[in-house]
Number of protein chains: 2
Amino acid sequence: METRELRYFVAVAEELHFGRAARRLGIAQPPLSRAIRQLERRLGVTLLERDSRRVALTSAGSVLLREGRAALDAVDAAGRRTRRAAQAAHGGAGLVLVTKAGASSELLPKLLDAYAAEPDAVPVEVLLCGIGEQERLLRDGRADVALLHLPFDSTTGLDTEELVTEQQVAVLPAGHPLARRPHLLTAEVETLTGLPMPRWPRADGSYPDGPGPEVRDHAQLFQLIALGRTAVVLPESCRSLLLADLAAVPVPDATAVTTVIAWPPHSRSRPLAALIRTTTRL
Amino acid sequence: METRELRYFVAVAEELHFGRAARRLGIAQPPLSRAIRQLERRLGVTLLERDSRRVALTSAGSVLLREGRAALDAVDAAGRRTRRAAQAAHGGAGLVLVTKAGASSELLPKLLDAYAAEPDAVPVEVLLCGIGEQERLLRDGRADVALLHLPFDSTTGLDTEELVTEQQVAVLPAGHPLARRPHLLTAEVETLTGLPMPRWPRADGSYPDGPGPEVRDHAQLFQLIALGRTAVVLPESCRSLLLADLAAVPVPDATAVTTVIAWPPHSRSRPLAALIRTTTRL
DNA sequence: AGCGACCGATACCCGTAAGGTATCGCCCCG
DNA sequence: CGGGGCGATACCTTACGGGTATCGGTCGCT
């Protein structure tokens, strides 16, 4: 199977429309039809049910969609990592670390300082990204290492080491009646505050339904809390980012959040190994 | 990057010889030279240092060798899993479980029985393979799920659930003076018995140097122990396989062995999820 | 019912690039 | 200094990827 065939199939499977997929791929529709037929013939499997009115994935087709994306990511990653290795050999950029914007705001500087103090540390570029993007960036080779937060992020297909575990706190407007309580229960946060929980974007960028406001990042979130429009439960390290008119109340029964350092399997370059060793010693 | 280019590069990188690589690929040498040059041009990276006398990998080249193999495995896996999904839809073969020959001889039947008793169980094909082959079989889609034994096997790049942890025992000839001891220490097994430890094949099929005999599987191993040529420390579940003239003595200070069930990330089909659920409940 | 619009499949043509053969240039060895 | 081994180059052939034109079937609108 050639990557070209896989790219073509993934495009059709995502669009469920040969014409649109062909436009997206920058080719005409007939060669695309032929390529898909040829792929089906080569695999001996029907991937798409198509009549002249609509295109649908077979069960085998949805397997190939999932697996094909992973394979294409792996091929892209091979190219990117090779280029990065060549740059690195010529004294170029060092490691790329990715984490959610606004998370681990205390841990990250400590971690970078500790690593920078190592004898043969390389420069570390920090990439801040949105929710759920880290895994993709790691898998397709744009990043070398990530800070993830369990149980929110998935570590499936990655190697990890645990760094720290922290309790969660409810972040409320400073003037809210519950802001003086010594602690709250999750159920109370959801009901007593009268404030709806914010809605975070899903992996595909869409938002779930619900009463709360849509939020992208912590700055936006804290501003909405200060305005009395929402409330949220976050790891207690977020306290260092809190605005003056916000209050944080421990929520002992909320699930603890574990920050882990994660990297793609089979890719322990020497600088990466040193970074991981340093961080786990903190 | 096309998979053809990757296959070509991997062949050359493994052979370090354009002529041999071309023969292995079933093409002539000149197109191979051209393809590699083109790949280097496209990546903007020199992958191979070559004069007319020898070919050597650059550091970027060795990265692409490792990453390229993984990417090719992922592409192969996509094809295999798609074909299997199509078969499965037509009532074909179910899950393929792979484990080391001779290991988990007690756990495996229990596990298979428990799963077979589930309401919508599919047939499970059991594949017994040599040391260190499991990861590859999982990654390239020939198997769906494996039983691995930590700390011997690597679970890097796989998702796992722990099943059981067991202590290890020394397996000695029944007549050996130490066979009556209530327990032994690892140091004693290596020195007091006067028997050399066997040598297992490495991932590439070669054997490490040393005095002990080369062994492939447990049957062969136990026969050699009975003959008084070697001794070994194994998880205690191996007792159920012991021949009459062998003795097992606990070795409390040997690292405990954990049997885990492992599967490729992002591939939880419904039958696989059911199998994993069943096994973790045992 | 009939016409038009939409969409995937088919037919046919063209150009590129992958593969083959012959040969060169280089280096080590005898 | 000549021969053999090896990768690079030159040149040819051809298969296949891609384009245009068109068909055939289905839905929707009037």
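In what order do the strands of the open sheet of chain B lie, and with what pairing? In this predicted model, the open sheet consists of 3 strands in the order β8-β7-β9, and their pairing is antiparallel. The edges of the sheet are formed by β8 (232-235) and β9 (246-251) of chain B; each has a single partner strand, so one side of each is left without a neighbour in the sheet. On average, neighbouring strands of this sheet are turned by 40 degrees against each other, direction ignored. In general, the strands of a sheet pair through backbone hydrogen bonds, either parallel or antiparallel. Strand β7 (residues 168-173) of chain B runs antiparallel to β8(B), and 4 bridges join these two strands. Ala170(B) is placed opposite Val233(B) in β8(B). A helix also accompanies the sheet: α8 (residues 218-226) of chain B lies across β7, β8 and β9 of chain B, and its direction makes an angle of about 55 degrees with β7(B).

A pair of helices in chain B was examined next. Helix α1 (residues 3-15) and helix α4 (residues 59-89) of chain B pack with their axes 9 Å apart, at an angle of about 130 degrees. The two helices, α1(B) and α4(B), are therefore oblique to each other, and their crossing is left-handed. On the side of α1(B), the contact involves Thr3(B), Leu6(B), Arg7(B), Phe9(B), Val10(B) and Ala13(B). The residues that they meet in α4(B) include Gly61(B), Leu64(B), Leu65(B) and Gly68(B), as well as Arg69(B), Ala71(B), Leu72(B) and Val75(B). By class, this contact of α1(B) with α4(B) has 9 nonpolar, 3 polar and 2 charged residues.

The most is given by α3(B), with 4 residues. The surface near DNA strand C has 8 nonpolar, 6 polar and 4 charged residues.

Around DNA strand D there are 17 residues, and those that come nearest are Ile27(A), Ala28(A), Phe18(B), Pro30(B) and Ser33(B). Here at least two residues each are supplied by α3 of chain A and by α2 (18-25) and α3 of chain B. By class, the surface near DNA strand D has 8 nonpolar, 5 polar and 4 charged residues.

Notes: Residues numbered from 1 in each chain as written. Chains lettered and ligands numbered in written order. Predicted model: local features only at pLDDT ≥ 70, side-chain atom pairs only at ≥ 80, totals over all residues. Nonpolar A, V, L, I, M, F, W, Y, C, P; charged D, E, K, R; others polar. Near = placed C-beta within 6 Å. Axes fitted to C-alpha atoms, helices over the stretch in contact; angles between N-to-C directions. Parallel < 35°, antiparallel > 145°, perpendicular 65-115°, else oblique. Left-handed = near helix turned anticlockwise from the far one by under 90°. Contact = placed C-beta atoms within 7 Å. Pairing = 2+ DSSP bridges.
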